[in-house]
Amino acid sequence: MLIIERAVFPKDTPIVGSLFLGYIEFLFDRSPQERENIRQKYDPDKIDDLVENFATIHARPNGDLLIASHEGKPVGCGMMRALGEEVAEIQRVFVTEDARGLGAGKALTLALMEQARKDGHTTIRLDTGRALVEASGLYEKLGFKECAPYHQDTPYLDHLIKYYEKPL
């Protein structure tokens, strides 16, 4: 059975760190020619700093960080943060290879959308890598539409990114 729960820090720091290292490796595998650019944003040698930052920027009440578990084993994570009063952003949805096909990515995305709605947001945005075709397919099935870039956080990665938006 798939369970989605809010991460609790510092208890879940090692779980989020392990899942996020998996996410980084997945990005490296999907876009090997961009390994150094990806490393510039997500340096696996600085995983503790990354997770500490995630725990801060995705903390309630201005965000959320969820962990998906299957049969007691963590298999995925997803994050959400407020971009403003009306807009929230989903970030870093990742599911381990052995859990793909269980619906964890969809469940995480829907749970984050629901929390954003409960928090009073009327629009949800996200970006994903062009090489992550499964993620794009999921988001499009959930009603997200491609939109213009809404941030310039990583101009060195812009050529790899698709931006999406959906009213809540």
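This is a predicted model: local features need pLDDT of at least 70, side-chain atom pairs count only at pLDDT 80 or more; totals for chains, interfaces and linings use all residues.
Helix α1 comprises 18 residues and spans 26 Å from its first C-alpha to its last, close to the 26 Å expected at 1.5 Å a residue. The buried residues of α1 are V16, G17, L19, F20, Y23, I24, F26, L27 and F28. An α-helix has 3.6 residues a turn, so residues three or four places apart point the same way. The cover over the buried residues of α1 includes the helices α2 (35-41) and α3 (47-57) as well as the strands β2, β3 and β4. Relative to the sheet, α1 lies across β2, β3 and β4 and runs at about 80° to β4.

Five helices and seven strands are present in the protein chain. Along the sequence they follow the pattern β-α-α-α-β-β-β-α-β-α-β-β. For 168 residues, a compact globule would have a radius of gyration near 15 Å, and the value of 15 Å computed for the protein chain agrees with this. Along the principal axes, the C-alpha atoms fill a box of roughly 35 × 35 × 30 Å. Of the 168 residues in the protein chain, 45% are buried. When contacts between residues at least 6 apart in sequence are considered, 62% join residues at least 24 apart.

Seven strands form an open sheet with mixed pairing, in the order β1-β2-β3-β4-β5-β7-β6. The edge positions are taken by β1 (2-6) and β6; each has a single partner strand, so one side of each is left without a neighbour in the sheet. Strands of a sheet pair through backbone hydrogen bonds, either parallel or antiparallel. Strands β2 (residues 63-70) and β3 (residues 73-82) run antiparallel and are joined by eight bridges. In this part of the sheet, L65 is placed opposite M79 of β3. A further helix, α5 (residues 133-141), lies across β4, β5 (123-129) and β7, and its direction is at about 160° to that of β5.

Aromatic pairs number nine in the structure. For F26 and F94, the ring centres are 6.2 Å apart and the planes stand at 55°, so the pair is tilted. This pair links distant parts of the chain, with F26 in helix α1 (residues 13-30) and F94 in strand β4 (residues 87-95), 68 residues apart. Both F26 and F94 are buried. In the pair formed by Y150 and Y163, the ring centres are 5.3 Å apart and the planes are at 80°, so the arrangement is edge-to-face. Y150 belongs to the loop between β6 (145-146) and β7 (161-167), whereas Y163 belongs to strand β7; the two are 13 residues apart, and the pair links distant parts of the chain. Y150 has a relative accessible area of 18% and is buried. Y163 also counts as buried, at 3% relative accessibility.

Ring pairs also connect F20, Y23, F26, Y42, F54 and F94 into a cluster.

Conventions
Residues are numbered from 1 along each chain as its sequence is written. Side-chain values use heavy atoms; hydrogens and water are left out. Rings of Phe, Tyr and Trp (its six-membered ring) pair if their centres lie within 6.5 Å; planes under 30 degrees apart count as stacked, over 60 as edge-to-face and the rest as tilted. Helices (H or I, at least four residues) and strands (E, at least two) are DSSP runs, numbered from the N terminus. Buried means under 20% relative accessible area, exposed over 50%, partly exposed in between (1.4 Å probe, protein chains only). Two strands pair if DSSP finds at least two bridges between them. Contact means heavy atoms within 4.5 Å. Axes are lines fitted to C-alpha atoms, for helices over the stretch in contact, and angles run from 0 to 180 degrees between N-to-C directions. The expected span of a helix is 1.5 Å times one less than its number of residues. The radius of gyration is taken over C-alpha atoms; the globule rule is 2.2 Å times the number of residues to the power 0.38.
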